[in-house]
Each structure stands twice: as C-alpha cells, then as structure tokens.
Amino acid sequence: MVVAEKMLLMGNEAIARGAVEAGVQVVTGYPGTPSSEVLETLAHFAKEYGYYVEWSVNEKVALEVAAGAAYAGARALVTMKQVGLNVAADPLMTLAYIGVGGGLVLVVADDPGPHSSQNEQDTRKFAQFAKLPVLDPSTPQEAKDMTVAAFELSEQLGLPVILRPTTRTCHVCQDVTLGPLPETRNQCRFDRNPEWVILPALAYKKHLWLNRKQEEVRRLFNGMPFNRAEVKGKTGIITSGVSYNYVVEALEMQGWEASLLKIGTPYPLPEDLVLEFLSRVERVLVVEEQEPVVEDQVIHLAWRHNLPVTVEGKHNGLVLREGELDVDRVTAVLRKYFGSTGMEQDVAGNKVRHTPELPLRTPVLCAGCPHRAVFYGFREALKDYDPVFTGDIGCYTLGVIPPLNALDTCLCMGASVTIATGLSRVEQGRKHVAFLGDSTFFHTGVVGLINAVYNRADITLVILDNGTTAMTGHQPHPGIGKSATGDPARRVDIAELVRGCGVDYIREVDAYNLQEVMQAAREAVQYEGPSVVIARRACVALVRTRSRYRVKDDICIECMSCVQSFGCPALSVQEKVVISEKCTGCGVCAQVCPVNAIEEVTRA
C-alpha cells in the first residue's frame, strides 16, 4: 500500500501547494496580511515548477493580469486580503459577466477581529454581490484541497471562483496530505470572440447567463465533500469555515450532542443538502464569523419551503456579528442555545478555570524606525502651524500612537493624499500634510498626487521610502529593482515619478537627519501648491549597524524629552534614562537630546 506523503504546512503554504497541484501557470497579487505567504511561497518555488509569479502594484492590476492569462486558457491565481478586493472590484464585477477560459481563482483572506485591517468586511458577501462561488476552508488540509477543486470548478463553470480563508486558517499549521503534481498544464492561446468585449447589449445577455449559473453551482456544491452532515437528534447546528472547529471542540468539551451540518461552500448554499438537514431537526443554530451569509440563506430556504424549523444565530443576537469567534465564545453561545445552567467543564469533567485576559500590548514602531524620526521632525518643525497630518495604511499608521501623536486620519490605501486635498478645500490657510509609504505610493498614491497637481491642491505629501513593503513581510515593489522571485527588475525612481506627475517642489532627505527633515518640512508647507518630501532610509529590520548609543549620566538633566516626546522603545526610565540592547544605532535620539547627553558607542 502506498502511503500518501504528508508535510507540516501553514494554511497559506497549503493553498500554495494546492495551486501547484492544480497546475497553476500565472500567479499575481498584492501583499496583505493574512494572505501574503500564499504568493511568497509560490514565488519561492516558481522556477522549480515553471510558472510565472509577480507582485503587482495593486490588487486591481493583479486581477487584470491574471484575467488576461485566464482569457488565453491558463490557470491563474490572484492573492489579496479582504480590503484588497475593494480595489479589485471594478474588474471583478464585470469579469463575472464575461467569464474566463482557464481556471481563475481569487484567494481573498478575511481578517475577523480584525488583527491587521481597517475593517472586518466579509468576502462571502462580496461573492454574493458578484454572483460568484466561494469556498470557505476550515483547516490547512481543506484549504489545499479546496484550491485544487476551485480551479476545476472555475473551468467547469467558466467563472472566477473565490477561496476565502480567514486569519486562523491562513496562519495555523497542520500535517497536510499532499496530492500528485501535474504532468501537463493547460495549452494557452487567446481566441478572438465578440464576447470578450463587454458592451451594454452583451452585458444584459451575460447577466442572464450568470443568473442561470447560480443553480448550476448549487447542484455542484450539493455533491462536494466539503459539505457534510451528521444527524444526532432534533437539535441542529449549521456552521461554516473555521467556526466548524470551534463548534466541534465546544461540543466535545461540554459533552453536548447535536446534529451538525458543516458548510464549506457558503455561497451559493447547497440547498438540497441543507433542506435534507432541516427536515430532520426542529431547531437549528447557525454559527459563522462575521455576516449572517449562511444564516440568511437558511432562513430564506426554510421560509420558501414552509419548514417548521426555528433558525437562531446572529439575527436574534445569539451569535455576534463583530469580532472573531473562538472556542470560549462558541461555548458561551452553545450554553445559551442548549439552555445549560451547569458548570462549564472540560473533556474529563473538570471545572474549567478561565485564565485572566492577557494585558494589552500596544503596537509600536520598531526601535530605529526611520518613520518615527520623520514624524517627530515634522511635528516639531510645524508645531506653530496647527497642521493636520493625514495618514495611510502601513507601519507608519502607528504614528498615531503616543508620544508621537503624529496622525489625525487614516482611511484606506492612498487616501492620505486625497483626504488632505479635500481638507485643503475647506480649511484654506491651514497646513495639510499627507504621509504614506513607498509601496502605498505605487499602489494608489500616484493617482491622488496627479489629482492634486491637476487641481492645484495646496498640500504637502511626505513619502516614507524605506525600500520595502515592510508591514506585510518585506515584499519587493517597483521602487526596489527586484522581482517577486528575487530576479533583477527595472527600478522605478520615486523622485522621477513624482516629477513626471508635474510636481515642482521635490525635496529628498535622510530620514535620520532631523535638521534636514525639519528644514524640508518648513519649506514644503510654505510652497503654494502640491509639494513632496521624500524621506529615505532602509527599514531597520533589514539593516544592522555596529554602533549603538548610551546616555552619559553625568550630563543628562533628566528632562525626559527623549522618552516622553520621541518615544523610541529602546529608551526607558529605570531610576534614570537608559538605552537598551534594542538600540539599532540610528542616532536620532542623540539629535533630540537638548544637552548632548547621548553618545555613540561600538556594539560588543
């Protein structure tokens, strides 16, 4: 007997393995936690398995590149986080009408909580909106298997298919049973067809086609192994995605018993399977994270078929619509559902003793982060101006944390420029300074800057160029000169790009040189019209120096400016101010000190 090979894989790595097993030919994406490792893993193995991988400048571009490959019959994968789907929505909504030739799978990782996102939007809702099938894995094994199935489903239907893992599925590890690798891949050729050109008359016809596809998808989902039922009485639970694991564990821990229906294909709902389950229970609880996607469809199905079954979940407040579920939260929900008043116990029947909640650990910019120096420099240089500092998405969002207090707004990728522009229209005479990173500038910041130039907005844009996409794991971008696979690439110079956008005032500064930063800040805000300051220093996580700094106790006057105003985590007060081994040798604190009480020393 041949024993299947197993490998310990993180969920995102398992998705990457599934794509390789499916014979993927083109992979595109934009970094975004919790999705980033999918493309990073595929980039690592691209040369070995012979497929193309790129980090695209944003999710819209990534989807369009992948769609082009799929038009020619290739199997293509696109990766992004949930808010990235907003950027890709323009092509996605029409692509659902046009369809694809080869398999096209979108891996859109949701972030309930959220842990690292600006909202908790539910990609399953987006799938409903676009009328596209969505798969919801509960484990890394299922994520891999669903990826393979998604490509097959996409080609069978002629539609893009969405795979929607959540943070826990993306980042948990499991021994995953591997499947065989393909011996051949799709033959690719783009064949001309009037239906690739979406005109209004065709859009109406294709909408009819898309609506008919919904029933075909339902029938296919009814027979998929990712949906399964286990009937144990008249009390039922329907659950989807990672919530299935929480429900199973909670039931086992408490010794409760219920009929259980696991849904791995939340839209469109496999109605035959659900109807069969509903006909065998008297009441049902729907447990799912975020929006009531499955619950709404179950309620609609029960009403349409006049079934005498009570459906509970989010609509009656039993299951939260906000935040992330876990075993404890699901146990509390099930206690209410079962009407249990006994003590909470573990599998062995022992009383559960809950540990106190962990103390809150506020995120902070790293010791030596060049962003801190720029924020400090601009705040100090412009403190007499009462400026508004608009922020963006990246490590530098942490500029809002005390003691920097250097951001007043944060909305979405690239919005710092445009929010500042809008504010400048109604607060004339006040200074508006936008901060965003180098990768974000390429992503969506460029168009906002062009708009500011075209409409003569009186704003200052500060581009924090640390030479990487730091927040999501140091992925390359067009300004670095390196591709996703590590090969040399054409470097797009940010200053030249800014100049090409029509900006006349451009100042490049060393982020660690406070005097230079502060002078540029004062000059830039005095310039009438859009001005740009590019603050350059490599991300401190990528470079190390032999030097560090220490406090000269005999000179220090304990004014606490370095600790209370600058706030580097390498600085602390232990009877006196000390600089810990966290110090990276940037030297900015020495420039902050008013009495030159901080000096450079050689690291041991």
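Predicted model: local features only at pLDDT ≥ 70, side-chain atom pairs only at ≥ 80, totals over all residues.
Local features were taken at pLDDT of at least 70 and side-chain atom pairs at pLDDT 80 or more, whereas totals for chains, interfaces and linings use all residues. Residues are numbered from 1 along each chain as its sequence is written, and side-chain values use heavy atoms, with hydrogens and water left out.

The largest pocket has a volume of about 1,000 Å³. A pocket is here an open set of points on a 1 Å grid over the protein atoms alone, where a 1.4 Å probe fits and protein lies on both sides within 12 Å along at least five of seven lines; the volume is the space filled by probe spheres set on the points, which are joined across faces, edges and corners. Of the 43 lining residues (those with an atom within 4 Å of a point), Lys-81, Ser-116, Ile-393, Gly-394 and Met-471 are the closest to the centre. Helices H2 (36-49), H4 (84-87) and H16 (438-454) each give two or more residues to the lining, and H16 provides the largest share, five residues. Helices (H or I, at least four residues) and strands (E, at least two) are DSSP runs numbered from the N terminus. By residue class, the lining divides into 17 nonpolar, 22 polar and four charged residues; Ala, Val, Leu, Ile, Met, Phe, Trp, Tyr, Cys and Pro count as nonpolar, Asp, Glu, Lys and Arg as charged, and the others, Gly among them, as polar.

Strand E12 (residues 283-287) is largely enclosed by the rest of the structure, because four of its five residues are buried (under 20% relative accessible area with a 1.4 Å probe, protein chains only; exposed is over 50%, partly exposed in between). E12 runs parallel to strand E10 (residues 235-240), to which five bridges join it; strands pair if DSSP finds at least two bridges between them. Thr-239 has Val-287 of E12 as its bridge partner. Three bridges join E12 to strand E13 (residues 310-312), also in parallel, with Leu-285 partnered by Glu-312 of E13.

Twelve aromatic pairs were found in the whole structure, with ring centres of Phe, Tyr and Trp (its six-membered ring) within 6.5 Å; planes under 30 degrees apart count as stacked, over 60 as edge-to-face and the rest as tilted. Trp-256 and Phe-338 form a tilted pair, 5.2 Å centre to centre with 40° between the planes. Trp-256 lies in the loop between helix H10 (243-254) and strand E11 (259-263) and Phe-338 in helix H13 (residues 327-338), so the pair ties together parts 82 residues apart in sequence. Trp-256 is buried at 18% relative accessibility, and Phe-338 is partly exposed at 25%.
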